[in-house]
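I opened my notebook for a friendly look around this one.

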Amino acid sequence: MKITVLSGGVGGARFLRGVHENLQSRPGEHSITAVVNVGDDMWLTGLRITPDLDSIMYTLAGVNDDVRGWGRVGESERVSAELKAYGVGWDWFTLGDLDIGTHLTRTSYLRAGMPLSEATAKISARWPLGVTLIPATDHEVETHVVTADVTMHFQEWWTCYRAALPALAFEYRGSESAVAAPGVLDAIASADIVLLAPSNPVVSIGPILAIPDIRAAVLSTSAPVVGVSPIIAGAVVRGMADACLSAIGVPTAADAVATHFGARSGGGVLDGWLIDESDAALAPILEAAGIATAVVPLWMRDLPLSSTLAGDALALAARLHGR
Ligand code: GDP
Ligand code: CA
């Protein structure tokens with residue numbers, strides 16, 4: 001089975017671990033490709049930082065900090081302290097020493113003329129991830145947030161302001177002229193199943209689908225496209241996605257996010273959608289909107305639960321295959 005997953009960082013990483021785990025127990029050959037958001041990427045202190053690619057890589061490699069929720073386990077911050085002393089970079093944005101090793105490696109590849117997709121392949125080859133990571137695009141498409149007074153990089157709005165400055169709009173800068181990285185369109189077109197991870201709809205999945213040829217590939221693939229709600233019982237599971245959704249006029253609700261993505265039969269990107277048992281009452285609304293809905297537990301509290309959730313997504317896709 002060929003599975004392609006559109007993904008953000010931490011939420012996407014948990015789900016990808018579940019997909020990988022679930023496929024281990026199934027007979028046959030399987031491959032998983034993650035098409036990863038680059039909207040959070042930025043240049044900082046001369047380094048190219050790619051938070052979502054790194055969150056996935058560290059998680060699948062088992063070297064992530066599960067307690068803190070991001071970065072490397074056993075991390076230290078000596079270099080960051082030096083950068084602060086020099087007044088370089090953002091003093092509220094800490095780069096761990098081990099993490100800086102990854103950024104130095106990536107930046108050296110980019111400076112040697114490699115596209116990000118090739119640099120990512122070389123970097124992630126260090127660990128047996130079981131998932132092929134491809135950035136959505138090799139172009140620098142960065143998300144910016146428009147607030148009443150200033151427009152800033154998403155990372156500043158999210159990390160420095162904790163998403164507390166009301167956002168008026170999100171700009172996926174450069175997305176209109178960007179093209180998919182090598183391998184992305186084929187991974188979507190030739191997949192048996194395309195999954196949308198339970199990632200932030202606005203700043204993780206949104207920037208991927210804003211790249212015109214990726215959106216077109218999702219619209220036209222013969223594979224069923226099934227998404228998992230990042231919203232449970234009207235609330236985000238982790239993070240501040242509600243602040244992003246309200247900025248684009250979408251209520252923080254599992255059905256509203258699905259209808260925001262839209263049914264493929266109506267020009268949107270979804271054939272199926274998974275909602276939590278606590279949202280069971282929303283299923284008829286979604287079915288009426290042309291989105292096949294499965295009601296299952298959506299909390300990925302541990303690897304077995306993530307694997308079960310992935311299995312539920314694959315089951316809904318299998319049900320849709322014959323349609
Ligand atoms: P980021 O790029 O690191 O912010 O991570 P993602 O965009 O991939 O994922 C963030 C989203 O994952 C948040 O909106 C959460 O609501 C969602 N999320 C986190 N944990 C869970 C979970 O256990 N179950 C579900 N359904 N969603 C989750
Ligand atoms: Ca992210």
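**Entry 1: ligand 1.** I asked which of the 19 residues around ligand 1 come nearest, and found Ser199, Ser204, Arg238, Leu298 and Met300. I kept in mind that this is a predicted model. Sorting the shell by class, I counted 9 nonpolar, 8 polar and 2 charged residues. Helix H1 (residues 10–24) gives the most to this shell, with 3 residues.

Next I looked up polar contacts. I found a polar backbone atom of Pro198 2.8 Å from an oxygen atom of ligand 1, and a backbone N or O atom of Asn200 also lies 2.8 Å from an oxygen atom of the ligand. For Arg238, a polar side-chain atom lies 2.2 Å from a nitrogen atom of ligand 1. On its own, ligand 1 has 600 Å² of accessible area, and the protein covers 91% of that.

**Entry 2: helix H8.** Asn200 turned up again here: its side-chain oxygen, 2.9 Å from the backbone nitrogen of Val202, caps the N-terminal end of H8. I then checked the cover on H8 (residues 201–209) and found 9 of its 9 residues buried. Among them are Ser204, Gly206 and Leu209.

**Entry 3: the calcium ion.** Which residues supply the protein donors of ligand 2? I found Asp40 and Asp52, with OD donors lying 2.1 to 2.7 Å from the calcium ion. Asp40 sits in the loop between strands S2 and S3, Asp52 in helix H2, 12 residues apart. Both are buried.

**Entry 4: Thr33.** I placed Thr33 in strand S2. It counts as buried because its relative accessibility is 14%, and the cut-off is under 20%. Beyond its sequence neighbours within four places, Thr33 contacts residues including Ile3, Val131 and Ala187.

Key. Residues numbered from 1 in each chain as written. Chains lettered and ligands numbered in written order. Predicted model: local features only at pLDDT ≥ 70, side-chain atom pairs only at ≥ 80, totals over all residues. Heavy atoms only, no water. Buried < 20%, exposed > 50% of the residue type's maximum accessible area, 1.4 Å probe, protein only. Helix = DSSP H or I, 4+ residues; strand = E, 2+ residues; numbered from the N terminus. Polar contact = N/O pair within 3.5 Å; in protein donor to acceptor, adjacent residues only side chain to side chain. Donors = N, O, S within 2.8 Å, 3.2 Å for Na, K, Ca; no water. Contact = heavy atoms within 4.5 Å. Near = heavy atom within 4 Å. Areas by Shrake-Rupley, 256 points an atom, 1.4 Å probe, with all protein chains shown as cover. Nonpolar A, V, L, I, M, F, W, Y, C, P; charged D, E, K, R; others polar.
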